[in-house]
Amino acid sequence: MSTDIYIVIIMGAILAVLLVGFIVTTLFLYQRRQHRQESEIIRMKEEYERETLKSQLEIQEETFKNIGQELHDNIGQMLSVVKLSLAVLPMSNDHEAFEPIQGARGVLNKAMIDLANLTKSLHTDRITQIGLPESIHFELENINRTGLLDIEFSNSGIEQSFDDQKGIVLFRIFQENLNNILKHSKAQKIQVSLAYLEDKFIMKIIDDGVGFNVAEKKNSTSSAAGVGLKSIFNRAKLIGADIDMQSEPGKGTTVTIQLPLPD
């Protein structure tokens with residue numbers, strides 16, 4: 001009789017262990033499946049956001065291109081007609097309107113140069129044709145000619161071509177940083193360096209302006225605050241670039257963009 005009891009107890013214990021093992025295994029598989037589903041949802045969300053951002057940037061670039069073409073074809077042509085009209089005016093040097101017209105010619109020439117530079121910056125095809133370093137150098141030269149800022153530019157390493165999207169996005173990131181500096185930093189000096197290393201490309205933008213709280217600006221919920229900053233980080237994420245932004249109030253800003261290079 002006692003042997004039967006022992007057998008019943010042992011069988012009960014085995015069944016209990018099997019039941020516990022079955023429950024634990026079921027919970028483990030359920031949690032794993034749930035984790036996999038959550039990971040898939042996150043991946044799909046990121047993929048959706050990436051594709052949405054890509055579409056937005058493509059539309060934006062096409063808009064820039066169209067605006068640049070319109071400025072070149074229409075406004076540029078009108079300015080050329082005005083310049084030609086002023087040039088053929090029959091007027092001697094001692095005429096009372098001579099000096100004002102000469103001044104108008106100077107202003108007109110500057111407007112035409114500024115318009116040409118603007119259309120070049122907007123035109124996507126030109127960025128891909130002349131390359132990223134030359135596009136950035138051209139943009140900085142335009143700022144340098146104004147005399148508003150002290151500009152330093154350096155480019156080291158053997159230049160490597162990016163695909164069109166990455167090159168354009170990097171240039172727009174640079175433009176957005178430059179725009180933030182001009183609008184908000186009150187800087188007197190800007191240093192821009194490009195470095196092509198064996199495995200990565202590094203772009204560094206340094207200004208000596210008033211600086212700001214990066215985390216506060218980046219996490220701001222205001223529709224007006226931090227839009228340019230968020231755009232920079234979103235663009236970088238789209239092409240797989242890393243951004244490190246160091247800034248403090250009163251200590252200027254250093255932005256470092258790193259993009260892995262293909263073998």
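These questions and answers walk through a predicted model of one protein chain.

User: In what order do the elements of the protein chain run from the N terminus on?
Analyst: The protein chain has seven helices and five strands. From the N terminus on, the order is α-α-α-α-β-α-β-β-α-α-β-β.

User: What share of the residues in the protein chain is buried?
Analyst: Buried means under 20% relative accessible area. The protein chain has 263 residues, and the buried share of them is 31%.

User: Among contacts between residues at least 6 apart in sequence, what share joins residues at least 24 apart?
Analyst: A contact means heavy atoms within 4.5 Å. Take the contacts in the protein chain between residues at least 6 apart; the share joining residues at least 24 apart is 68%.

User: Are helix 4 and helix 5 roughly parallel or roughly antiparallel?
Analyst: Two packed helices are described by the angle and the distance between their axes. Helix 4 covers residues 132–146 and helix 5 covers residues 164–185; their axes come within 10 Å and cross at roughly 20°. Angles under 35 degrees count as roughly parallel. Therefore helix 4 and helix 5 are roughly parallel.

User: How many nonpolar residues are in the contact of helix 4 with helix 5?
Analyst: Helix 4 brings residues including Leu132, Ile136 and Leu140, while helix 5 brings residues including Leu170, Phe171 and Phe174. By class, three residues of the contact are polar and one is charged. The nonpolar count is nine.

User: Is Met203 buried or exposed?
Analyst: Met203 sits in strand 3, residues 200–207. Its contacts beyond four places in sequence include Ile136, Leu170 and Phe174. The relative accessible area of Met203 is 0%, so Met203 is buried.

User: How far apart are the C-alpha atoms of Met203 and Val255?
Analyst: Along the chain, Met203 and Val255 are 52 residues apart. Val255 is one of the residues in contact with Met203. Their C-alpha atoms are separated by 8.1 Å.

User: Is Lys186 buried or exposed?
Analyst: Lys186 lies in the loop between helix 5 and strand 2. Lys186 has a positive phi of about 60°, although it is not a glycine. With over 50% counting as exposed, the 73% relative accessible area of Lys186 makes this residue exposed.

User: How far apart in space are Asp199 and Pro262, C-alpha to C-alpha?
Analyst: Asp199 is in the loop between strand 2 and strand 3. Leaving out residues up to four places away in sequence, Asp199 touches Pro260 and Leu261. Asp199 and Pro262 are 63 residues apart in sequence, yet in space the separation is 7.1 Å.

Technical notes:
Residues numbered from 1 in each chain as written. Predicted model: local features only at pLDDT ≥ 70, side-chain atom pairs only at ≥ 80, totals over all residues. Heavy atoms only, no water. Helix = DSSP H or I, 4+ residues; strand = E, 2+ residues; numbered from the N terminus. Buried < 20%, exposed > 50% of the residue type's maximum accessible area, 1.4 Å probe, protein only. Axes fitted to C-alpha atoms, helices over the stretch in contact; angles between N-to-C directions. Parallel < 35°, antiparallel > 145°, perpendicular 65-115°, else oblique. Nonpolar A, V, L, I, M, F, W, Y, C, P; charged D, E, K, R; others polar.
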